[in-house]
Amino acid sequence: MNPLRLWYSQPAAQWVEALPLGNGRLGAMLFGGANQEHVQLNEDTLWAGAPRDWNNPGARAVLLRVREALFRDDFEQANELCKQMQGPFTQPYLTLGDLYLNFDHEGEVSAYERDLDLDRAVASVRYTAGGVNFTRETFCSYPDQVLVMRLTSDHPGAVSFSVILQSPLRATNSTRDGVLRVRGKAPRHVDPAGHEGEDPIRYDSDDGEGLNFEAQLHLKIVGGTLKEHGDGLTVSGADEALLVLGAATSFNGFDRSPGFEGKDAAALAAAALATATTRSYDQLLRAHVKDYRKLFARVSLDLGVTDAVKRPTDWRLARFAEGGDPQLAALFFQFGRYLLIASSRPGTQPANLQGIWNDAVQPPWNSNYTININTEMNYWPVEVCNLAECHEPLLTMIEELAVKGRVTAEVNYGCHGWVAHHNTDLWRQSAPVGNYGEGNPVWASWPMGGAWLCQDLWEHYAFSGDSNFLRDRGYPLMRDAARFYLDWLVEDGQGYLVTAPATSPENLYTMPDGRRLAVSIASTMDLAILWDLFTHCIAATEVLDLDTDFRAELQVARDRLLPYQIGRHGQLQEWFRDWDDPEDDHRHVSHLFGVHPGHQLTPEMTPELFRAAQRSLELRGDGGTGWSMGWKINLWARFRDGDHAYKLLRNSLQLVDGRETNYRRGGTYPNLFDAHPPFQIDGNFGATAGIAEMLLQSHRTTHSGDRILHLLPALPSAWPAGSVTGLRARGGFEVALDWTEGRLTEVRIKSNLGNRCRIETGERVIQFDTQAGSGYRLNGDLIVVT
C-alpha cells in the first residue's frame, strides 16, 4: 500500500472532495465519477479586470487629519476618516470552465476507487462496469504545459463516451479536426461577493478590454470511431483514448492592457498542443514524473505507518483525533509540498488564496492575494521544505508590486519608496481597497503589506546564501520599502517613532466605554514588521558592504520604535494601550509576529516578552479558521511545546463539511484542502511549515553570527520515533534526522556553503566547523557533518 496517496471509495460529490492537479499555471479538479467525469479547469492568469489607476490623491490631506485625531485620542473620528483614503476593490481570479466526459456503461459499477498519488502527481480512477475494468489516469505536465488524461479498459472496444468543454464566462464552443475549443472573454470588472452593485459582472465587447482566453482539447483514440457534434465529441468502441488539453490567456504583463496589448491566447494554446500531441502517453508521463520528482523527492518524512493507511483518506480524517494514525500527519505534510509544486513554478503566478483552484466567477475574497498573512503563509514552507524554485513567482510579484507601489507611496502619502496594503491581484494593485469608503478600516487601513513581503526576499537569501540575488533583486526592494516607512513613521511626543494610523489586521479593540474600533497608533504587529524589515536591511548592507549612511539611519530608527508592552493579563499587548480582551479568540494573532514568522522574540534574548507572547497565545485559544490554526502550530513550535503544536495540528485535521462556514471552527475537507471555511489553501501550507518547524528551527544565530540549528525543538509525544530527510536550514544547510523514543539517534548535516553552525538538541550544544566535515558523537548517537 502506497502511503503517499489520497484515495476514496466513491466519487466526489462536492468540489472540496475533488482531487487537485496542477503545473503551476493550469489547474484541474477531478471529481472521478464512473458515469460522468467532471474536470473543473483553471489557468493562473485568467482574472477579471485590467491595469487601472487605483490611487487616491485626496488621501494625503486626509492622512494629516487622521493623525491629528489620533493624537488627541479621537479614535472614532480617525476610524471614519480612514475610509476617505481608500481605493477600489481588487479584481478576482476566475474559473476557466468545465470538462465533462459522459459514459454509457452497461451494468452496475463496482470495485470503485479513485486516488491521487503524491509520489507521481497522477490521479487515477478505477472501477468495474458490465464485467469490464476501466482505468483513467490524469496529470498536469509542467514540461509540456498541458493536462493529460488516458482512458483504458481490459476489454477491446469498451471505451465509449462523449465529451464537452464549457465555460461560465462569455464564451463560444466549436469542434474541428478532433479538437474541441472554448474561446471566451473575461469580464473587465467584477464586484466582490458581498459588495455587489446593480451590475456586478461587466463585460466589454469582444475586441474591448478584458482578458481573452482559449482552451483546446485534442482527442486521439486507438480503435473505434470519433465523431464531432455541435459542441462536443463522441467516441464509440475504442480500445483507448488520450485527451490532451492546453489553455492560455491574452495576459501580457501586469502593466499592459490584456484587451488591446494582449497575447494571442488561441496561438499559445495551439502551440502547447502541437508539441504535446507528437508524444505518446508514456513519453508525456515520463517527462512529467521526472520533472515533478526532482522537487518532491527531496524531502521524506516517516512518522510511522499503521493499518489505517489501508482505509480511505476521508475515513482516516474523520478519526484522526482518536490517535493511531501518525502517517496521516506525514501525508498532510507532503500534500502541502505537493500543492506548492502544483500551484507555483518558475514563470507562473504565485499561489493565491486558493492556490490555482477556483470554480467561481465571484469567489470568496476574490481568490486574490491577501498580503496581511495569507499570501505570506503560502510560502512559509517553500525554503525549509526544499522547494526554493517554487518561491520565484512570489519574488517576481514583489518586484512588480513595487513598481505600482512607488506611485501609490507618492500619490497617496507623499512618501519615498514603495508601499502595498492588504490586498493585491494580477494587476498588482498597491492602493488600499474598499471602494472609496465602502470598506471597513479594520482590513482596508493597513499599509504594511510591502514590508511583510520583504521578509520573503531575505528568507530566500538566508537559506541560499545567494549574494547575487540579494544585491540585484532582494536588497533594492527591501531598501526602498524601508525608505517608505522611514517617511511614514512619526514621533509620538515621548521620543518614540510610531505608525499612525495603525491597525491590527482584521481585529478590533474595545474602548473603556465599550466602543469597538480598528484604527489607533503603533499596533504591535506594525512595530514587529518594521523591526524585521529594518534588521534585515541592516544585515544586507553589511553582507554587501554598501549604504553605510542608510544603515546608520535604519539603526537609529529601529532603536526609536515604540517598545513592546506587557498588559494587565500578563499578555503581549496587541495595541499601544492595554485594550486586549482576555475573551478574544480572533483568528488573527498578528501581535505575535515577532515570535513567528519573525525572530525578534526568543527565550534566550527576550525572555519576559517571549513569556508574554505565549500568554497571549494561551488566551487566544486553540480554535480558529484553518489557516489560523496553521499559524498557531508554528507559534507553539517556536514556544517549544510540541504537544500543544500537535494539538493544533489535530484540530486542523478535523473533517469539515463542504457546506459549512464557521470562522471559529476550521479544519480540513475530505480532499485534504484546508477549510477556513470556505476553502483557503494557506492553512495547508501553514500546517506543512509548522510540522517542519516542530522538527527543525534555524531562525537564531550565535553572538558571532553562526547559525543555530535546533533539532527536534518541539517533538510531540505522539511521534516517539521517526525520520526526516532533506529539510533545509538558514545558512545553507541540509538536515536529516532519525529519532527513537523521543531521542535523536542519528543526524546528518550537509553544508552547501561551508558555513559554521551550532547544534542544539535539548541534551547538548555542539559547535561545528562544517568546513572541516568532521563527525561527532552525542551520548553515543552519531552526528555526521558533510
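Guide: Gladly. Strands here are DSSP runs of at least two residues, numbered from the N terminus, and two strands pair if DSSP finds at least two bridges between them. Please keep in mind that this is a predicted model.

Visitor: Then let me start with a turn. How many residues lie between β7 and β8 in their hairpin?

Guide: Two residues separate β7 from β8 in that hairpin, and Gly130 in the turn has a positive phi of about 60°. The strands themselves, β7 (residues 122-129) and β8, run antiparallel and are joined by seven bridges.

Visitor: Is strand β8 largely enclosed or largely open?

Guide: Buried means under 20% relative accessible area. Eight of the 10 residues of β8 (residues 132-141) are buried, so this strand is largely enclosed by the rest of the structure.

Visitor: Now for pockets. Which residues lie nearest the centre of the largest pocket?

Guide: The general idea is that rolling a probe the size of a water molecule over the atoms shows where empty space is left. Here the largest pocket has a volume of about 1100 Å³. Its lining has 36 residues, with His699, Arg700, Thr701, Thr702 and Arg707 nearest the centre. Elements giving two or more residues to that lining are α11 (449-464), α13 (524-544), β29 (707-711) and β33 (757-760). The most comes from α13, with six residues. By class, the lining has 11 nonpolar, 15 polar and 10 charged residues.

Visitor: And what is the volume of the second largest pocket?

Guide: About 490 Å³. It is lined by 24 residues, of which Trp365, His422, Asn423, Trp443 and Glu506 are the closest to its centre. That lining has 11 nonpolar, 11 polar and two charged residues.

Visitor: You mentioned α11. How far apart are its end C-alpha atoms?

Guide: They are 24 Å apart; at 1.5 Å a residue, the 16 residues of α11 should span 22 Å, which agrees. The helix is also largely enclosed by the rest of the structure, because 15 of its 16 residues are buried. Just after α11, Gly465 takes a positive phi of about 70°.

Visitor: Last topic: aromatic rings. How do I tell whether a pair is stacked or edge-to-face?

Guide: Rings pair if their centres lie within 6.5 Å; planes under 30 degrees apart count as stacked, over 60 as edge-to-face. By this rule there are 34 aromatic pairs. Tyr292 and Phe296 have ring centres 5.2 Å apart and planes at 15°, so they are stacked. Both lie in helix α4 (residues 281-296), four residues apart, about one turn of the helix. Tyr292 counts as buried at 3% relative accessibility, and Phe296 counts as buried at 3%.

Phe576 and Trp579 form an edge-to-face pair, 5.6 Å centre to centre with 85° between the planes. Phe576 is buried at a relative accessible area of 15%, and Trp579 is buried at 9%. Ring pairs link Phe75, Tyr509, Trp575, Phe576 and Trp579 into a cluster.

Key. Residues are numbered from 1 along each chain as its sequence is written. This is a predicted model: local features need pLDDT of at least 70, side-chain atom pairs count only at pLDDT 80 or more; totals for chains, interfaces and linings use all residues. Side-chain values use heavy atoms; hydrogens and water are left out. Buried means under 20% relative accessible area, exposed over 50%, partly exposed in between (1.4 Å probe, protein chains only). On a 1 Å grid over the protein atoms alone, a cavity is a set of points where a 1.4 Å probe fits but cannot get out, and a pocket is an open set with protein on both sides within 12 Å along at least five of seven lines; lining residues have an atom within 4 Å of a point. Grid points are joined across faces, edges and corners, and a volume is the space filled by probe spheres set on the points. Ala, Val, Leu, Ile, Met, Phe, Trp, Tyr, Cys and Pro count as nonpolar, Asp, Glu, Lys and Arg as charged, and the others, Gly among them, as polar. The expected span of a helix is 1.5 Å times one less than its number of residues. Rings of Phe, Tyr and Trp (its six-membered ring) pair if their centres lie within 6.5 Å; planes under 30 degrees apart count as stacked, over 60 as edge-to-face and the rest as tilted.
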